[in-house]
4 protein chains.
Amino acid sequence: MTHPLLDLAPLSPAQFAAVEDQVAKLLGTAQDVVVMQGEALLPLEACIRGAAGPGTTALNVITGPYGRTFGDWLRDCGATVHDLPVPFHTAVTADQVAEALQAHPETDFVSLVHAEAATGNTNPVAEIGEVVRAHGALFMVDAVASVAAEPLLPDDWGVDLCVIGAQKAMGGPAGVSAVSVSERAWRRMAANPRAPRHSYLSLLDWKDRWTDAGRTVLPHAPAQLEMLALGACLARIEADGADAVRARHATAAAATRAGAEALGGGLAPYVVRAVDAAPVATTLRAPAGVHASALVARARAADPGLPLVAGGGALATEMIRVNHYGADATPGTVHACLAALGAALAEEGRTVDLAAARAAATAVWQG
Amino acid sequence: MTHPLLDLAPLSPAQFAAVEDQVAKLLGTAQDVVVMQGEALLPLEACIRGAAGPGTTALNVITGPYGRTFGDWLRDCGATVHDLPVPFHTAVTADQVAEALQAHPETDFVSLVHAEAATGNTNPVAEIGEVVRAHGALFMVDAVASVAAEPLLPDDWGVDLCVIGAQKAMGGPAGVSAVSVSERAWRRMAANPRAPRHSYLSLLDWKDRWTDAGRTVLPHAPAQLEMLALGACLARIEADGADAVRARHATAAAATRAGAEALGGGLAPYVVRAVDAAPVATTLRAPAGVHASALVARARAADPGLPLVAGGGALATEMIRVNHYGADATPGTVHACLAALGAALAEEGRTVDLAAARAAATAVWQG
Amino acid sequence: MTHPLLDLAPLSPAQFAAVEDQVAKLLGTAQDVVVMQGEALLPLEACIRGAAGPGTTALNVITGPYGRTFGDWLRDCGATVHDLPVPFHTAVTADQVAEALQAHPETDFVSLVHAEAATGNTNPVAEIGEVVRAHGALFMVDAVASVAAEPLLPDDWGVDLCVIGAQKAMGGPAGVSAVSVSERAWRRMAANPRAPRHSYLSLLDWKDRWTDAGRTVLPHAPAQLEMLALGACLARIEADGADAVRARHATAAAATRAGAEALGGGLAPYVVRAVDAAPVATTLRAPAGVHASALVARARAADPGLPLVAGGGALATEMIRVNHYGADATPGTVHACLAALGAALAEEGRTVDLAAARAAATAVWQG
Amino acid sequence: MTHPLLDLAPLSPAQFAAVEDQVAKLLGTAQDVVVMQGEALLPLEACIRGAAGPGTTALNVITGPYGRTFGDWLRDCGATVHDLPVPFHTAVTADQVAEALQAHPETDFVSLVHAEAATGNTNPVAEIGEVVRAHGALFMVDAVASVAAEPLLPDDWGVDLCVIGAQKAMGGPAGVSAVSVSERAWRRMAANPRAPRHSYLSLLDWKDRWTDAGRTVLPHAPAQLEMLALGACLARIEADGADAVRARHATAAAATRAGAEALGGGLAPYVVRAVDAAPVATTLRAPAGVHASALVARARAADPGLPLVAGGGALATEMIRVNHYGADATPGTVHACLAALGAALAEEGRTVDLAAARAAATAVWQG
């Protein structure tokens, strides 16, 4: 009674099931949805360790850093892995995937990241899905950085394992995440002797003890606050309209790209074709002679809260990333990032046109 | 059990008293602090109706719209009121107050707004307090827009009634507010036959039933969430350091002023002397030929969330206000406002230097 | 950015208006609803000071302590007041009201508390409303302790001013409250020269600056958290079903009454007829020779959190009150209170039957 | 701006590190503390998979269901496992552990559950720790159901891996948990080729990327709300006093035990010796001829919110569990459970003394 806001009642099974149903509705899926009690890395790892083993031949598309992690996991599971790396300033094409499958006809598992927040590209999952389905392989998609920012239709696109998290475009909690699982994927896991069981990493445990058991007794206590926040976040997206949320992200990306092009000073979009650019984050190529991470540091010195980062690893010299997801998919954030980058470039002696950048971005927002 | 976040337990008397003590600590006061269950208008009205009556002669300093409201209340109470209006682009001086008291030696009540968010000026309460104390009048100060943004020491300055709210520089809730009351002020109210009693507006009720009664039984149920939020807000200010919070506001004001001056295009500080400018909001004079509210509308069209407003009433044509309090007392907000105003001026055909504005503001922040 | 849960954004006018509409829906009213920024005492006082003046003749029904307060306010406003006191162990009848109106035909204002949490009775507002309407007087009802606990239909019942708060049966915040105002009541206030204006107590201010002004600019900053909590609370009642919430309270009252009667030891219902007993709280008469507040102290010594209190003032010797509203309108609370009272009576040497009390209460719950 | 309570800012590294330090303070440990982003099963599994492999010989003490799970994990890791099962109505003794270690001198890992919420016993970790330390084995303790309810001193007691969760006696969130890791345990994991790496289950990843890397960049986004709630929960325990929180749980257990013994009707403590009974939950043996889960169902029919459950699996016929942790470690909950069990027994035709049960429990509370 004395600490009313801190004594947390456990989440009920009905509340938990309701959140799963909200996720299914957002994804427009009739497949099972499993909400996992951890960051989205948990279902990603659970999918690969559940579905892959020594007999698996995997085609692993690499369009950013997460693709590399997936390859590591697949090899650790004993799978034969064919990596399909694609330059980070492009998207993979359905043709490239078809060609790779032709080269490795025994492939029975394809892993792909839908949108890459880290590199700023997005891949044509619908088209690739057709190719994968025709080949008959299981298709896993990491949609953490695309959900709520761009169309995502796992059932229509033949995605067997579609992993999402709420912390990017959904503007929600990072501590719980979800995956939709097709019947085919469940069968693959059930047949995999090395699929985790009796483990925090096990999707099959969850299926046996929850999904197929009438969803009446939770296998373990869920993260109450994160689940409530995920439910609230999904309710908000439904209230705002998922189309409107997606449009807001697409506009933020287009405005950032247009503004950066108008800014001058040598800044250029990193992802060559606009159609390949992700709605959650716009990556920019630093001007020749300018170190990207130094430029970002300069821009953030004045505005420490700006969602600007340099590329990771080797990309730190050349790539600047503007995150514009969730509450940052707004004119204010886009303008602030463009202005800060412009000011930093000016300090480096480059000529920029702050007013033109702002006008170009505004024109996109005002449609 | 089923709705853990919604069944609100009542606040205990001990919790309530603890928040009062936190307020007293922030104000550095040994006087009684009354936390009232309403917006800050409630204690402001309660002070005037409690202390003033037909026998009162009041000097009411007007440096913005709230001063006018105080005059209305004083007259409504039957007091004889001498208004001391001061142009809104200045502060009142202790000399002006001394002169007015000399002209009306029978004055026994002085009301003053410390900082005016609406007009952007701030008044030298410490110096004025000396004058008022020497004269022997009761001194009421509205510190809603100054608390946490600039020094405020009611005991040292001889303030008898010091009203605060949390919704500006404190970044807290608007639904509860507080007033410190000196012994002299209590005596004045007790002797006032028209002071509200048995009323939501009564400070004396609160004194009798709570402050002087051991603070063990609350006169009525308080606003639980707002009280918890006020306590949390005060704890945060203590954790951050009240000095640091004040410095952040002072810097925001200086950066905005410097940036606006560097921007050009005809924009100028509204409050003539920097020393008279309030830390919570910077008011600017629109260039000749530019309508302030049209300029603000233009600036906000691109960034609807910006804390920019035009002056109220007759000031709508000439005054632009940049609010920079609480979470907005940051470089990001200041830069965003300057850039938006610059872009709007450029659209109106004015020549502005966005880069110079940004550089000037940044120089202030980096101190 | 660093304190995400504490930097409170102001409530928007649209959010505020939506909460007003939710209140109107709960009350089934087509009248204006004003949500006031304070505990329910604020709208109660605002109604009386707004509607009453020297020319007013008021019939003030007193069925508990709040009726006395209303009489004080009415007299303070200059009204001629005819009190109609009723023994607290009964309800007033429509006939009694009719008779009083006949005795004072000039009566143009009637004030009534619907349910009295403090004395445990509830009054037949529908029937009384017919009488008052036939007489032509303005009818004000304090429904703070009845809303969500029993039927409440201000429009059908001819209530001109119907005041509610959320802290009892609604299980919501105490810091904001509401009143529905009929056209007739607005006209009465507009014609009253002493109705508060330019005051925290003014309903007319709110009408002029908000209700009739398109609800686009809030007159002052509302209590963000309390308003959000009120909205959430109303949404929950709608989700649970207002009928189900009312039924839960009615059952809690019936179970408490039945359990107390079965307990023995000399305990008896205070309100003689079950039909006059309020659903939010059951009052009991202490056995002869037992001091009620001593018995409550004994019962609470073992379970400090129990919602048991002794009667106020002179009733402290004879009345015990069991509150069972909001989260306490449950079998668990009712059983706990009965068991604690039984144990305390046994300690006083009385013979009680704990098992019979529990069985009687359970039988009511299991319907 | 429009949904202020839903746009969650990411947790900063400094905030995360501060929560780790709060956990270390509660545990009085100088070892590394790792806060993991999942229910306590995650660190438990991570400890076993990190520390155990084909070369490991484990002594696995089984005093309840979790001991069985640990044995499954150990075997799955390839360890040689010697189970030491102990009847669930007792605790294991240090002598039994010493004997088992003598029988299997090659043992280099010992796993033990401190307190078992499911069976209601608690084990003498301090004494067992001495034995294990003397033997030189690594010592892992599951303290999820003991932390904050009874003394827990991993460093003094030679615990190498001490896992806690906040959802029981701490009254906190279930979605994050923690483990203290000794230098010896880190070395064991580093030398284990099968220790998870690049995995959600990996403690070593966390050590490399966070603990040993200056705690400046979080390896992945943490669960913001759960982390804030964990920090708030730890702050509250510190404010209340950890000793007082532990005493509250010990008293709840003693009162429940005394009350059940006084109730009669054939109910008896399940754990034979009071010293072996856990402070978080009291298990009771159903009277002969009464089915425990039927009795619980009957007791809960009247009060659905009561923290009463029947034993799991085969224990469902004979064991009744009264949970009294967190907000339920209060007289109110204890009394309510005793009264509900008494009423259910009476319905089954047993003679019970509700008043004696209440008096016995009250006497313990008023101690």
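Me: How do I read the salt bridge between the side chains of Lys207(A) and Asp212(A), and what is its N to O distance?

Reply: A salt bridge here is a side-chain nitrogen of Lys or Arg within 4 Å of a carboxyl oxygen of Asp or Glu. For Lys207(A) and Asp212(A), the N to O distance is 3.0 Å. This is a predicted model, in which local features need pLDDT of at least 70, side-chain atom pairs count only at pLDDT 80 or more, and totals for chains, interfaces and linings use all residues. Residues are numbered from 1 along each chain as its sequence is written, chains are lettered from A and ligands numbered from 1 in the order in which they are written, and side-chain values use heavy atoms, with hydrogens and water left out.

Me: Is Lys207(A) buried or exposed?

Reply: Relative accessible area decides it: buried means under 20%, exposed over 50%, and partly exposed in between (1.4 Å probe, protein chains only). Lys207(A) has 14% and is buried.

Me: How many salt bridges does the structure hold over all chains?

Reply: The total over all chains is 64. One of them pairs Glu347(B) with Arg298(B), whose closest N and O atoms are 2.8 Å apart. Glu347(B) belongs to helix 12 (residues 331-347) of chain B and Arg298(B) to helix 11 (residues 292-302), so this pair ties together parts that are 49 residues apart in sequence. Helices (H or I, at least four residues) and strands (E, at least two) are DSSP runs, numbered from the N terminus. Arg298(B) is partly exposed, at 33% relative accessibility.

Me: Which parts of chain C are linked by the pair Glu238(C) and Lys25(C)?

Reply: The two side chains meet in a salt bridge at 2.7 Å, N to O. Glu238(C) sits in helix 9 (residues 224-240) and Lys25(C) in helix 1 (residues 13-27) of chain C, 213 residues apart. Glu238(C) is partly exposed at 49%, while Lys25(C) is exposed at 55%. Salt bridges can also share partners, and in that way Glu20(A), Asp21(A) and Arg215(A) are joined into one network.

Me: What should I look at in the interface of chain D and chain C?

Reply: Begin with contact (heavy atoms within 4.5 Å). Here 22 residues of chain D and 22 residues of chain C take part. Next comes buried area, the accessible area (1.4 Å probe) that two parts lose on being put together, summed over both. Chain D and chain C bury about 1,900 Å², with 65% of it on carbon and sulfur atoms. There are 2 salt bridges across this interface; one joins Asp303(D) to Arg358(C), with 3.6 Å between the closest N and O atoms.

Me: Which helices of chain D supply residues to the side that touches chain C?

Reply: Helix 11 (292-302), helix 12 (331-347) and helix 13 (354-365) of chain D each supply at least two. Helix 12 gives the most, with 6 residues. By class, this side of chain D has 14 nonpolar, 6 polar and 2 charged residues. Ala, Val, Leu, Ile, Met, Phe, Trp, Tyr, Cys and Pro count as nonpolar, Asp, Glu, Lys and Arg as charged, and the others, Gly among them, as polar.

Me: How many residues and salt bridges go into the contact of chain A and chain D?

Reply: The contact takes 35 residues from each of chain A and chain D, and the count of salt bridges between them is 0. The buried area is about 2,700 Å², 59% of it on carbon and sulfur atoms.

Me: Where does helix 12 of chain A lie, and what span should it have?

Reply: The expected span of a helix is 1.5 Å times one less than its number of residues. Helix 12 of chain A covers residues 331-347, and its 17 residues should span 24 Å; the end C-alpha atoms are 24 Å apart, which agrees. Of those 17 residues, 14 are buried, so the helix is largely enclosed by the rest of the structure. Just after helix 12, Gly349(A) takes a positive phi of about 90°.

Me: What surrounds Val113(B)?

Reply: Val113(B) is in strand 4 (residues 109-113) of chain B and is buried at 2% relative accessibility. Leaving out residues up to four places away in sequence, Val113(B) touches Thr63(B), Tyr66(B), Gly67(B), Phe70(B), Asn123(B) and Asp142(B). Val113(B) and Ser146(B) are 33 residues apart in sequence and 9.1 Å apart in space, C-alpha to C-alpha.
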